[in-house]
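Hi,

Here is the structure I promised to pass on to you. Below it you will find my notes on what turned up.

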Amino acid sequence: IGLVRAAYSSGKPAFGVGPGNVPVCVERTADVPKAVQDILTGKCFDNGTICASEQAVVCDAPIEQAVREQFKLQGAHFLSAAEAEQLGKIVATPQRSLNPAIVGKSVEVIAKMAGLTVPPGTRCLIARDYPLSMEKLSPILAFYVVDGLTACAERSKEVLGYGGMGHTAGIHTRSREAAVSFGAEMPASRITVNTPTTHGAIGFSTALPPSMTLGCGSWGGNVTSDNVSPLHLMDIKRVAFETRPVKS
């Protein structure tokens, strides 16, 4: 944020972007094994340092147990309330900002810092805890359970409101209508569907322009909501011929 403000106040043209804090809805019609695989693929890539990586799972209540089981089968570890409180103390500073000491660190390193014991080979830590609703830039997920698509959208908006306005949200669903409805509600510039948000938002697994510089639009106080590409840095001259005569 400091860099963006400095660029905006430099007196020169500048494209600024904002922080991510990506909620991902797992709607009741989702292909649960693939949804969980995608979420872990996105979250664990580069130990979660990509700004578009998943930060919170918002699970539709009817499939909660199936989602939990898949996370466990695929290498995630759910923390107890007490363990989540321990973890929260090293994730967030007293000012509710992210502790830079955990950024990009592995599960093993973070668990050791928090005084936690986790199973060998754990890929990701998951906890239901408010301080973990922030952007964590590490293999840690918040986990929420709500009932229905409308509630999923509301909780996802709350996560974005806590941090990450205008950036990215994701949904896993077999219903095109659900995806469109969810996307319409999100104060986010990119809505990924049935793909890791990390890879989808930067254009690797979607048709979005390939970029790791992701604008957050007016929600995030940015000049653009686009994936910023070389095209944004080009000045284009246009020779414009009359197409509609002007009456005298």
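For helix packing, axes are lines fitted to C-alpha atoms, over the stretch in contact for helices, and angles run from 0 to 180 degrees between N-to-C directions. Helices themselves are DSSP runs (H or I, at least four residues), as are strands (E, at least two), numbered from the N terminus. Please keep in mind that this is a predicted model, where local features need pLDDT of at least 70, side-chain atom pairs count only at pLDDT 80 or more, and totals for chains, interfaces and linings use all residues. Residues are numbered from 1 along each chain as its sequence is written, and side-chain values use heavy atoms, with hydrogens and water left out.

First, the helix pair. Helix α6 (residues 149-162) packs with helix α7 (residues 176-185) at an angle of about 30°, and their axes are 10 Å apart. On the α6 side, the contact (heavy atoms within 4.5 Å) is made by Leu 149, Cys 152, Ala 153, Ser 156 and Lys 157. Ala 178, Ser 181, Phe 182 and Glu 185 are the α7 partners.

Next, the charged pairs. A salt bridge here is a side-chain nitrogen of Lys or Arg within 4 Å of a carboxyl oxygen of Asp or Glu, and the whole structure has nine. One of them joins Lys 34 and Asp 38, at 2.5 Å from N to O. These two sit four residues apart in helix α2 (residues 32-44), so about one helical turn separates them. Lys 34 is partly exposed because its relative accessibility is 35%, whereas Asp 38 is buried at 6%. (Buried means under 20% relative accessible area, exposed over 50%, partly exposed in between, with a 1.4 Å probe and protein chains only.)

Glu 64 takes part in a salt bridge with Arg 68 (2.9 Å, N to O); both lie in helix α3 (residues 64-73). Glu 64 counts as buried at 17%, and Arg 68 counts as buried at 16%. Arg 128 also forms a salt bridge with Glu 64, with the closest N and O atoms 3.9 Å apart. Arg 128 lies in the loop between β4 (124-127) and β5 (140-146), so this pair ties helix α3 to a part 64 residues away in sequence. Arg 128 itself is partly exposed, at 49% relative accessibility.

Leaving out residues up to four places away in sequence, His 199 touches Thr 41, Gly 42, Phe 45, Phe 204 and Ser 205.

Best wishes
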